[in-house]
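This report concerns a predicted model. Please consult the sequence and structure below while reading the sections that follow.

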Amino acid sequence: MNALTMIVVVTLVMLASGLLAGFLSHIKNRDVSYWAAWGFLFPPSLIVLFMLGTNTGPRPRRPTLDEEDRMHL
């Protein structure tokens with residue numbers, strides 16, 4: 001297996017893992033962008049997400065930039 005094939009395989013694994021982590025985090029009521037990013041950068045984090053239970057209650061959300069500015073004043 002040459003270097004170009006390895007680069008393509010790793011890229012496909014990372015993309016698939018990121019998409020799967022985003023989909024699974026949506027099902028488990030978790031922060032989708034957070035888990036999709038970690039699934040893309042570190043594909044084994046998908047195992048951690050799979051083992052986590054479903055989050056009860058409202059979906060976590062990040063504060064907007066305006067809210068962050070108000071918090072720091």
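## Surroundings of Trp35

Apart from residues up to four places away in sequence, Trp35 touches Ala21, Ser25, Arg30, Ser45, Val48, Leu49 and Leu52. Trp35 counts as buried because its relative accessibility is 13%, below the 20% limit applied to that class.

Trp35 is also part of the largest nonpolar core, whose 5 residues are Ala21, Leu24, Trp35, Leu46 and Leu49. At least two residues of this core come from α1, and at least two from α3 (45–51).

## The aromatic pair

In the whole structure, the search finds 1 aromatic pair. The ring centres of Tyr34 and Trp35 lie 5.5 Å apart with the ring planes at 90°, and the pair is therefore edge-to-face. Tyr34, with a relative accessible area of 36%, is partly exposed, whereas Trp35 is buried.

## Lys28 in the loop

Lys28 is located in the loop that lies between α1 (3–27) and α2 (32–41). Beyond its neighbours within four places in sequence, Lys28 is in contact with Leu49, Phe50, Leu52, Gly53, Thr54 and Asn55. Leu49 and Leu52 are also among the residues that Trp35 touches.

Notes: Residues are numbered from 1 along each chain as its sequence is written. This is a predicted model: local features need pLDDT of at least 70, side-chain atom pairs count only at pLDDT 80 or more; totals for chains, interfaces and linings use all residues. Side-chain values use heavy atoms; hydrogens and water are left out. Helices (H or I, at least four residues) and strands (E, at least two) are DSSP runs, numbered from the N terminus. Contact means heavy atoms within 4.5 Å. Rings of Phe, Tyr and Trp (its six-membered ring) pair if their centres lie within 6.5 Å; planes under 30 degrees apart count as stacked, over 60 as edge-to-face and the rest as tilted. Buried means under 20% relative accessible area, exposed over 50%, partly exposed in between (1.4 Å probe, protein chains only). A nonpolar core is a set of buried Ala, Val, Leu, Ile, Met, Phe, Trp, Tyr and Cys residues joined through side-chain atoms within 4.5 Å.
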